[in-house]
Amino acid sequence: MNYKIALIPGDGIGPEIVREAKKVLDRVCEKYGHSFTYSEVLLGGASIDVHGVPLTQEAIDTAKACDAVLMGSIGGDAKTSPWYKLEPSKRPEAGLLAIRKALNLFANLRPAYLYNELRKACPLRDEIIGDGFDMIIVRELTGGLYFGERKTIEENGVKTAIDTLSYNENEIRRIAIKAFEIARKRRSKVTSVDKANVLDSSRLWRKVVEDVAKDYPDVTLEHMLVDNCAMQLVRDPKQFDVILTENMFGDILSDEASMVTGSIGMLSSASLNETKFGLYEPSHGSAPDIAGQDKANPIATILSAAMMLRYSLDLDKEADAVEDAVQKVLTLGYRTGDIMSEGCKLVGTKEMGDLVTDQI
């Protein structure tokens, strides 16, 4: 099979980690008889440097013509980069929001899995970790507070900022369906997180999720208030399977979950639309302080490529092979600096990519 993949190297360490993920994908093609045609797309600071804007229509059109998008990291140092002297709508992150909107990427998937080999990096006590945990946060990505109407006004000499949080039932239903479908492939449990004791949007969220749940009698549904969920993530993370939540809550909870695993450098993510099309990227940032130094951990991007194989291309056994290769490399004791521990062997970005590739 031939697939078209858009590659967005991005900024900072992005080009380095995308290079290693592409190396892994090329080995998958070699071993399983596929072929990938790559198209490189500029986004973020890299696009600003060339085009003066963080995202062009040409970039959107190129991405839409592909089966999936694999991205590195976007952005730079907010204190020193000239990109951040531009107005907010022209900064690197504005391009990321724009491409999500243009591609209708409403469902963000953020796995949080604790490798046994990285238990020492987990900040939680052993009795809390137990046998480990394996969850995925399904976050609504194109609605809610981040995309609502906003304005700052002045009344009687007092400045007031207004941000609008709104959801309609269709937006809630489609993300709920994604969560229940994913739960069916995992351990058949959905925890829907809201603030229904305060917010009207959360009360509608809860009602629609309950309606969707009727079509999935094999999946257990529980509701949890967001403040309690934040506490439970550090108190007993293994209780969670699929966490379903809205945009802002998901933004916060997914970062919390990532740090519970011990290193954000290990965590992949996917953003999907209503078809199988998706944009896949590591959960971490662009780390401009180590860019070009062969220090970045490429595993999150490699695992994002595995998610791409699974969710957009329906290549489950190939995705399994990539994930198994990462597991084997960790078991052999190889580590980049962010996950290094005593008794392990320190390797750089390129060598880690080579090691994973060799295990496929």
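Helices (H or I, at least four residues) and strands (E, at least two) are DSSP runs, numbered from the N terminus. The model is predicted, so local features need pLDDT of at least 70 and side-chain atom pairs count only at pLDDT 80 or more, while totals for chains, interfaces and linings use all residues. Residues are numbered from 1 along each chain as its sequence is written, and side-chain values use heavy atoms, with hydrogens and water left out.

**Stop 1**

Select residues 2-10, strand β1, and residues 35-40, strand β2; the two run parallel and are joined by 6 bridges. Strands count as paired if DSSP finds at least two bridges between them.

**Stop 2**

Move to residues 134-140, strand β5. Of its 7 residues, 6 are buried, so β5 is largely enclosed by the rest of the structure. Buried means under 20% relative accessible area, exposed over 50%, and partly exposed in between (1.4 Å probe, protein chains only).

Show β4, residues 107-113, which pairs with β5 in the antiparallel sense over 7 bridges. Within this pairing, R110 has I137 of β5 as its bridge partner. Then show β10, residues 242-245: this strand runs parallel to β5, and 4 bridges join them. Here I136 is partnered by V242 of β10.

**Stop 1: the largest pocket**

A pocket is found on a 1 Å grid over the protein atoms alone: it is an open set of points with protein on both sides within 12 Å along at least five of seven lines, whereas a cavity is a set of points where a 1.4 Å probe fits but cannot get out; lining residues have an atom within 4 Å of a point. Grid points are joined across faces, edges and corners, and a volume is the space filled by probe spheres set on the points.

The largest pocket has a volume of about 910 Å³. Select R186, M307, R310, Y311 and E323 to find its middle; of the 29 lining residues, these are the closest to the centre. Two or more lining residues come from each of β4, β5, α6 (169-184), β11 (268-272), α10 (299-311) and α11 (316-331). Which element gives the most to this lining? Helix α11 does, with 5 residues. By type, the lining divides into 13 nonpolar, 3 polar and 13 charged residues. In this count Ala, Val, Leu, Ile, Met, Phe, Trp, Tyr, Cys and Pro are nonpolar, Asp, Glu, Lys and Arg are charged, and the others, Gly among them, are polar.

**Stop 2: the second largest pocket**

The second largest pocket has a volume of about 530 Å³. Its lining has 25 residues, and L96, R100, R139, D251 and E281 lie nearest the centre. At least two lining residues each come from β3 (68-73), α4 (92-102), β4, α9 (247-260) and β12 (278-282). The largest share, 4 residues, belongs to α4. This lining divides into 9 nonpolar, 8 polar and 8 charged residues.

Stay with β12 and pick L279, which lies in that strand. L279 counts as buried, at 1% relative accessibility. Show M71 as well: L279 and M71 are 208 residues apart in sequence, yet 7.2 Å apart in space, C-alpha to C-alpha.

**Stop 3: cysteines**

How many disulfides does a search of the whole structure find? There are 0, taking a disulfide as a pair of cysteine sulfur atoms within 2.5 Å. Select C122, which is in no disulfide; the nearest cysteine sulfur, that of C229, is 16 Å away. C122 is buried, at 7% relative accessibility. Go on to C29, whose sulfur is 14 Å from the closest cysteine sulfur, in C66, too far for a bond. C29 is also buried, at 11% relative accessibility.

**Stop 4: two loop residues with positive phi**

Finish with N156, in the loop between β6 (150-155) and β7 (158-163). Its phi is near 55°, a positive value in a residue other than glycine. At 82% relative accessibility, N156 is exposed. Last, select D294, in the loop between β12 and α10. D294 is not a glycine, but has a positive phi of about 60°. Is D294 buried, partly exposed or exposed? At 35% relative accessibility, D294 counts as partly exposed.
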